[in-house]
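Hi,

Here is the structure I promised to pass on.

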Amino acid sequence: MSADLEFENLVKLYYGDLYRFGLSLTGSEADAADLTQETFYIWANKGHQLQKAASVKGWLFTTLHREFLKTCRRRNRFSNESIDEGAEGLPNVPPDCAERVDSRTLLRILGEIAEDFRAPLVLYYMEDLSYKEIADVLALPLGTVQSRIARAKIQLLRRLSETNLPLEQTK
Amino acid sequence: MNTRDAKEILLLYRGPIDDSDPQFQAALDCAKSDPELGQWLREQTKCYDTIRAKLRAIEPPLRLSEKIVRRWPIPFPRDWSRIGQLAAAILISASVTGLLMKWSERRHSSVTGAQEIVVTGEVLDMTCYIAYNLSGPDHAKCARDCIRSGLPAGIKAQDGKVYLLTGEVGHSINAEVADYAAKTVTIKGRQTVRDGFAQLQVEEIRKL
């Protein structure tokens with residue numbers, strides 16, 4: 001397969017997942033598209049350094065996350081809210097709480113969670129990555145990743161249960 | 001393991017993707033034997049699936065993939081040994097070309113190492129000689145004026161061969177040979193030939 005076809009196939013395979021990850025991190029469609037493009041640009045220049053073809057997906061997500069963190073450092077534009085340490089108890093949430101909101105509302109609620117917790121949570125929900133792979137993408141210890149996912153998930157479910165809107169208003 | 005501990009573990013359980021992860025095994029076993037926990041787990045899993053589906057339903061902007069492919073450079077697999085070979089080939093080729101050019105330049109332009117000869121003959125005004133075949137005592141004054149004015153000077157050897165007279169690089173010989181125009185002299189100098197045309201770089205002039 002020629003290099004251009006290889007690149008095109010890679011883009012087709014992962015651009016959607018990367019865009020969604022970027023969107024959940026930034027909350028901005030334009031920023032998510034920029035991050036996705038930047039990720040593939042870096043791949044075009046450095047992807048050859050990757051030895052295992054199987055690690056491509058993890059590499060792309062790691063790169064996008066790293067670029068996002070750089071952007072955060074430069075702009076610090078997101079209103080992050082850290083997880084309340086005292087709110088770790090398992091929430092009593094209605095089973096249909098997630099059905100009450102649409103994708104955009106869900107994204108907005110996700111955006112209210114601190115970035116340190118949001119990134120592992122998004123990977124947990126959206127990508128079929130093992131916990132080890134999520135830890136690799138975020139360059140965090142496995143235990144830290146699991147702890148952050150658990151706490152962020154509780155936070156998300158609690159927010160969803162508080163978003164007590166009738167179904168027809170949110171769809 | 002009590003129900004609370006099992007719930008804390010199963011909070012991270014996503015479904016089949018985590019089935020092979022041993023950390024969930026004991027808690028999953030609990031859920032099988034505890035109907036209430038089993039129901040809680042089903043609700044959790046359903047909630048997970050709903051959130052996942054909603055997030056994955058977000059579509060990227062139209063033509064984003066085409067934009068990426070069109071805009072960014074196409075990568076190519078870099079084989080460093082081949083790149084090294086290519087770089088070495090370019091380096092060798094450039095070196096050989098440079099040496100050849102240097103050699104060619106030396107061969108064509110330098111008089112260093114030219115043959116030293118002594119030539120006896122008549123000093124000529126080359127322009128008049130070549131253009132009009134004028135030489136000899138009858139043409140002496142014209143030849144002297146022409147050489148003084150900067151036109152090329154030469155010497156016609158007794159064997160009939162004609163040499164262009166030159167000085168060292170950047171130094172005109174005209175002032176020195178003008179007074180010998182149309183006279184017979186002996187000149188010692190270094191001979192070079194380019195394209196069949198002979199040149200004599202003057203080192204010493206003696207009038208016979």
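Starting at the N terminus, the elements of chain B go α-α-α-α-α-β-α-α-β-β-α-β-β, which comes to 8 helices and 5 strands. Helices (H or I, at least four residues) and strands (E, at least two) are DSSP runs, numbered from the N terminus. Bear in mind that this is a predicted model, where local features need pLDDT of at least 70, side-chain atom pairs count only at pLDDT 80 or more, and totals for chains, interfaces and linings use all residues. Residues are numbered from 1 along each chain as its sequence is written, while chains are lettered from A and ligands numbered from 1 in the order in which they are written.

Staying with chain B, 22% of its 208 residues count as buried. A residue is buried if 20 or more other C-beta atoms lie within 10 Å of its own, exposed if 12 or fewer, and partly exposed in between, with C-beta atoms placed from the backbone. Two residues are in contact if those C-beta atoms lie within 7 Å. Take the chain B contacts between residues at least 6 apart in sequence: 63% of them join residues at least 24 apart.

Now the cores. A nonpolar core is a set of buried Ala, Val, Leu, Ile, Met, Phe, Trp, Tyr and Cys residues joined through C-beta atoms within 7 Å. The largest one has 51 residues, and Leu121(A) and Val122(A) have the most contacts inside it. Helix H1 of chain A (residues 3–26) gives the most to this core, 10 residues. Another core, of 20 residues, lies apart from it and includes Tyr129(B), Leu165(B), Val177(B) and Ala182(B).

Why does Tyr129(B) count as buried? Because it has 21 C-beta neighbours inside 10 Å. Tyr129(B) sits in helix H6 of chain B (residues 126–132). Leaving aside neighbours within four places in sequence, Tyr129(B) is in contact with Leu124(B), Leu134(B), Ser135(B) and Gly154(B).

Finally, where the chains meet: 36 residues of chain A and 29 residues of chain B take part in the contact. On the side of chain A that touches chain B, H1(A) supplies the largest share, 12 residues. By class, that side of chain A has 20 nonpolar, 8 polar and 8 charged residues. Here Ala, Val, Leu, Ile, Met, Phe, Trp, Tyr, Cys and Pro count as nonpolar, Asp, Glu, Lys and Arg as charged, and the others, Gly among them, as polar.

Cheers
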